[in-house]
Amino acid sequence: MSVADAVKWNGRYQTEGTKWQKSQPRQLLLDYADQLPQTGLALDAAAGVGIHGLFLAERGWQVIALDISEVGLRLAREAAVAKGLRMETAVFDLSAHPWLPANTFDLILNFRFLERDTFPLYRKALKPGGWLLFETFVRPAREVADPDYFLRPGELRAAFSDFKIIHSAQIETRGSRSGHMKCVEQFVGQKA
């Protein structure tokens, strides 16, 4: 990520943010929400407009939302205030500053963001027994401009093989902007 990425995402949230706020949380989070602890401290990494963090805050979680976009986080804070919820936000580039406090989070969410340097950070930042919900795009068969933005098949399962694996799968999902089918890898696990 870079300054250019921050500009790009700020621009997208400036023009499309209210549309994004109407989105539902990812199905993966909805599917496992009732299996998660009832409360705790959650990190919503690359939170965007805070859809997932707000969902957790409504369920009683303390949430810290990080994102490179100050516009996205402003929209998240405004939504939290409007709903009478508390959610801490911080403009933070996990790509440029790969650091999180150790043994802090009961849950880390990572949706549609890939920075491989976060894999050891997430492992370190989760408390023992903490949950990781991760979903992002798998490299398509066709050539792409920047393959580093895509997972290799099975990469999450391999990266977190020391976790108690609750769910690991590749699924096809419809792209919200393009409407085309895209492959994503999902991972749900608990730190040993």
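Analyst: Two residues are said to be in contact when they have heavy atoms within 4.5 Å of each other. The helices (H or I, at least four residues) and strands (E, at least two) named below are DSSP runs, numbered from the N terminus. The model is a predicted one, in which local features need pLDDT of at least 70 and side-chain atom pairs count only at pLDDT 80 or more, while totals for chains, interfaces and linings use all residues. Residues are numbered from 1 along each chain as its sequence is written, and side-chain values use heavy atoms, with hydrogens and water left out.

The part to look at is the pairing of helix H1 (residues 3-21) with helix H4 (residues 70-82). In general, two packed helices are described by the angle between their axes and the distance between the axes. Here the angle is about 30° and the axes lie 8 Å apart; the axes are lines fitted to C-alpha atoms, for helices over the stretch in contact, and angles run from 0 to 180 degrees between N-to-C directions. H1 and H4 are therefore roughly parallel to each other, a label given to angles under 35 degrees, whereas angles over 145 count as roughly antiparallel, 65 to 115 as roughly perpendicular and the rest as oblique.

On the H1 side, the residues that take part are Asn 10, Tyr 13, Gln 14, Gly 17 and Gln 21, and on the H4 side they meet Glu 70, Val 71, Gly 72, Arg 74, Leu 75, Ala 76 and Ala 79. The residues of this contact divide into five nonpolar, five polar and two charged, where Ala, Val, Leu, Ile, Met, Phe, Trp, Tyr, Cys and Pro count as nonpolar, Asp, Glu, Lys and Arg as charged, and the others, Gly among them, as polar.

Seven of the eight residues of H3 are buried, so H3 is largely enclosed by the rest of the structure; the buried ones are Ile 51, His 52, Gly 53, Leu 54, Phe 55, Leu 56 and Ala 57. What covers the buried residues of H3 includes H1 and H4, together with helix H2 (27-32), strand E1 (41-45), E2 and strand E4 (105-111). Just after H3, Gly 60 takes a positive phi of about 100°.

Beyond the other helix, in the loop between H4 and E3, is Gly 84, which is exposed, with a relative accessible area of 64%. Gly 84 and Phe 113 are 29 residues apart in sequence and 28 Å apart in space, C-alpha to C-alpha.

Terms used: Buried < 20%, exposed > 50% of the residue type's maximum accessible area, 1.4 Å probe, protein only.
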